[in-house]
Every structure is written in C-alpha cells, then in structure tokens.
Amino acid sequence: MEDLVSLLGLFVVALVAATLLPAQSEVALAGLLAAGDQPVVAPVIMATAGNVVGSTLNWLLGRGIEQFRNRRWFPVSERALQRAIGWYGRWGRWSLLLSWVPVVGDPLTLAAGVLREPFWSFLALVTVAKAGRYMVVTAATLGVL
C-alpha cells in the first residue's frame, strides 16, 4: 500500500510540475528511485503519465483561454507566451519535443492549445519528450550515465 501511495504522490507532483505551478518532479522521481522500494519502470511510468496529464491541462487551457490573454490574471506572461509561440511558429509541432525544458516547456504546451495543435499529435510528441526526460533522470539516479 505504501508503494501505491508513493507512486500516486509522484503522479501528482509530476502533474503539478507540468502545469504553470512550480514543482520538482525530477527530485521526487530520483528520491523514489533511490529508495529502491519498487521496480524502476513503475515510477517512470507514473511520472510520465502525471507530467503528460499536466501538459494536457495546459493544452486545454490554451484552447479556451487565449481570448483572455491580455488580462492581468492570465497564467503565462505575455513575454513567455510570445517566446513559446515564436518557437512554435518556427519549428511547428516538433517544438513540443522541447516540452520537457524548464521555463519554456510549459508555455509551449499552452501555445500548442492556443495555436490549435491537434490533440493526437500533441499527445504523442509530449509523451515522447516527457518519457525521455524521466528515462535520463532514472539513468542518472541509478548511475547508468
């Protein structure tokens, strides 16, 4: 039961980390892996799933909130959003492979929603990016890198 609670906690931290709220899912994953209480695959899957769900919330937010982007409470600064839209305009959907990058990645997923990226291509590219990051974190934590 404790393992399940740890995995669900990791899922939640990873979800929050992918939104525009601050959180450190890499630290949570590394800590869980270092504890060595469970197979390596389960934490990687849970972190990836949580992070992808959080990015999907950003995409959904972008689909519906763009009309409010000049409001003071808008969750992304105009500068960050313009930078993400610029990346997206230059590299298209392939820029979503950078969705794992701190500071830039979250606005990219929001920009994908604003710019109406189809959900299935969004989901595929973001999943590859997020899973790749967590596999690198796992390899580094376990001393493979």
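# Exercises on a predicted model

The largest nonpolar core has 17 residues, and those with the most contacts inside it are Leu-81, Leu-96, Ala-112 and Phe-122. A nonpolar core is a set of buried Ala, Val, Leu, Ile, Met, Phe, Trp, Tyr and Cys residues joined through side-chain atoms within 4.5 Å.

The model is predicted: local features need pLDDT of at least 70, side-chain atom pairs count only at pLDDT 80 or more, and totals for chains, interfaces and linings use all residues. Residues are numbered from 1 along each chain as its sequence is written, and side-chain values use heavy atoms, with hydrogens and water left out.

**Exercise 1. Find the salt bridges in the whole structure and describe the partners of each.**

Step 1. The search finds 2 salt bridges, each defined as a side-chain nitrogen of Lys or Arg within 4 Å of a carboxyl oxygen of Asp or Glu.

Step 2. Arg-133 and Glu-26 form a salt bridge at 3.2 Å, N to O. This pair links distant parts of the chain, with Arg-133 in helix H6 and Glu-26 in helix H2, 107 residues apart. Arg-133 counts as buried because its relative accessibility is 12%, whereas Glu-26, at 22%, is partly exposed. Buried means under 20% relative accessible area, exposed over 50%, and partly exposed in between (1.4 Å probe, protein chains only).

Step 3. In the salt bridge of Glu-117 with Arg-93, the closest N and O atoms are 2.8 Å apart. Glu-117 lies in the loop between H5 and H6 and Arg-93 in the loop between H4 and H5, so the pair ties together parts that are 24 residues apart in sequence. Glu-117 is buried, at 6% relative accessibility, while Arg-93 is partly exposed, at 36%.

**Exercise 2. Determine whether Ser-25 is buried or exposed, and identify what it touches.**

Step 1. Ser-25 is located in helix H2.

Step 2. Its relative accessibility is 1%, and therefore Ser-25 counts as buried.

Step 3. Not counting residues up to four places away in sequence, Ser-25 touches Leu-10, Val-13, Ala-14, Ala-17, Asn-51, Arg-133 and Tyr-134. Arg-133, one of these, is also a partner of Glu-26 in a salt bridge.

**Exercise 3. Characterise two loop residues, Arg-116 and Asn-70.**

Step 1. Arg-116 is in the loop between H5 and H6. Its phi is positive, about 65 degrees, although Arg-116 is not a glycine. At 46% relative accessibility, Arg-116 is partly exposed.

Step 2. Asn-70 is in the loop between H3 and H4. Asn-70 counts as exposed because its relative accessibility is 74%.

Step 3. From Asn-70 to Phe-11, the separation is 59 residues in sequence and 32 Å in space, C-alpha to C-alpha.

Terms used
Helix = DSSP H or I, 4+ residues; strand = E, 2+ residues; numbered from the N terminus. Contact = heavy atoms within 4.5 Å.
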